[in-house]
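This report describes selected local features of the structure shown below.

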Amino acid sequence: MSATGVPPLVDYEDVSWFRDEPEAARGAAAALGRRIGLGEHRTAELVLAVAELATNMRRHAVDGSLLLRVVRTPATAGVEVVVVDGGPGIADVAEALRDGVSSEGTLGIGLGAVRRLADVFDIHSRPGQGTVQLARFWQAAERPRPGAAEPAVGGVTRPISGEQVCGDAWATRTDLADDVRDARDAGGAPPQAPEPPPAQAVNDWAALTGTQRRPGTATSPLSAAASRRASRAVPVRSAVAGRGPAVLVMLCDGLGHGPMAALAGQSAVQAFRSGTSRLPEQIMEQLHKALRGTRGAAVAVARVEPENGRLLFCGVGNITAALVTRDSRHSLLSQPGIVGHQMHQLRTYEHRLPPFGALVLHSDGLNERWTAQDLAGLLPHAPTVVAAGLLRMAGTRRDDASVVVAKELW
C-alpha cells in the first residue's frame, strides 16, 4: 500500500505478442531491456528467462502465446513477460518449480530458475485447460523489496489475427482524497490513515478460496447470496465522490480493428490520463469530446472507492463489466451508443463491493459465457494472471480482445 492509501498502479506500453517465434521473442526482450535501461546483466537474465518460457511454449503448449511489454511506475520501469496456453497444463506446479526440473528439450534452467531470476513470478495451471505464467523484471536499482504489493489493476490486450496494433486500450489512475491532495499540493506528508476497527469473528481465507491468505488481508463471512444482494445496482442521479482515495479504471474498444481503431483507443487513454474529472459520467463526457473525429468506441469507466465499499460505474456500448467473487458474478449495466459519435443519456450506477471480489471488464473480443466458477481458481493470483486466464478461456482471434481486472483494492 502506498503512502496515499492506494495500492500501486502501473502503465504498460510496447505490447508485442509472439506465438511460434522463440528467437524473435528473445530478440525483442533484449531490445526492450536495453531501451529502458535494465543494464547488461539484468537484460541477460531477462533474455534467459524468455528463452526458457518461449522454448517450453513451442515444444509443449497447445495454442501458446507469449506477451512482452514495458511496465512503468512514476519511479521506475521494467519488462513483463506473460505466457498463455490452452494445454496440456501442469499436473504438479510445485514439482515443476523445484530446482533442477526442466522439460526435455528446453535450455535446462527450469521454471524454478525463471522464478528466481524474476522480481515477480506467478503461475496458474490446470491439467487439460492450460497455463498462465507471469514474470516481471524491474531495473536493478529500483527492484521492489520481497513481498511488495502487486499492482492492484492488471490487463491484457491482443489484436485480431493478422494485425500488429490493437484497437482495445485501457488505463487506470488514482483520485486522491481531498485531504491527501491538499497535503501533497502543499508539499507536506499525507495524513495517516485511521486505525481499522477491531476485527470480528470471520471465516478463514484459506477455507474460502483453497489458498493461503495474504498477511493483513481482511476476511468476511458474507455468503454468496449476501454478496449478490450487496452488489445490486442503484442508479445515481447526481453522483458525488466519496471520502478517501479512489482508483479509476477505463476500458476502450475502438470500433473495428487496425490502425484507425487503435487511434481511437490511444485517444481515449491520453484523454483519460490527462483528465482531472473524478466521476465516471464526467470522464465519459471528456472522452466523448476527445474521440470526435475518430471511429468512436465502446467505453466503460469505473470508480472504486475502497474506504466506502462502493463502485460507481458508467458504460456506453458493448463492454462487459462484472463484479466477481469465487461463487458469484454480478453484471454491470451499460447504455447503448458510440463514444465520440452518439451517446444517449448517461447513467451512473452504484454498486456495493463484494468481499474477496474483483472487478472484471472486457471487450466483445471475448464471449460472455464464462462463469464465476471459471475464475474461482484464478482469483487468488495477480490481476494480470486473472486477465490472461480469462482471455485464454473466452477470447477469440476474430476480433481485438482486452481484459482488465482490479482486485485487492477493498
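Predicted model: local features only at pLDDT ≥ 70, side-chain atom pairs only at ≥ 80, totals over all residues.

Two polar partners of the Q139 side chain can be named. The backbone oxygen of I36 is reached at 2.6 Å, and the side chain of T76 is in polar contact with that of Q139 at 3.0 Å. When residues up to four places away in sequence are left aside, Q139 touches I36, G37, L38, T76 and A77.

## Burial of strand β5

How many of the nine residues of β5 are buried? Nine of the nine are, so the strand is largely enclosed by the rest of the structure.

In a regular strand, side chains alternate between the two faces of the sheet. In β5, one side carries G130, V132, L134, R136 and W138, while T131, Q133, A135 and F137 belong to the other. Every residue in both sets is buried, and both faces of the strand are therefore covered.

## Strand pairing around β5

Strand β5 is paired with β3 and with β4. Strand β3 (residues 77-85) runs antiparallel to β5 and is joined to it by eight bridges. Within this pairing, V84 has V132 of β5 as its bridge partner.

Strand β4 (residues 120-126) is also antiparallel to β5, with seven bridges between them. Here Q133 of β5 stands opposite I123. The two strands β4 and β5 form a hairpin with three residues between them. In its turn, G128 adopts a positive phi of about 85°.

## Cysteines

A disulfide is a covalent bond between the sulfur atoms of two cysteines. A search of the whole structure finds zero disulfides. For C252, which is in none, the nearest cysteine sulfur is that of C166, 10.0 Å away. The C252–C166 pair does not qualify because a disulfide requires sulfur atoms within 2.5 Å.

Is C252 buried or exposed? With a relative accessible area of 0%, C252 is buried. C314 also counts as buried, at 1% relative accessibility.

Notes:
Residues numbered from 1 in each chain as written. Heavy atoms only, no water. Buried < 20%, exposed > 50% of the residue type's maximum accessible area, 1.4 Å probe, protein only. Polar contact = N/O pair within 3.5 Å; in protein donor to acceptor, adjacent residues only side chain to side chain. Contact = heavy atoms within 4.5 Å. Helix = DSSP H or I, 4+ residues; strand = E, 2+ residues; numbered from the N terminus. Pairing = 2+ DSSP bridges.
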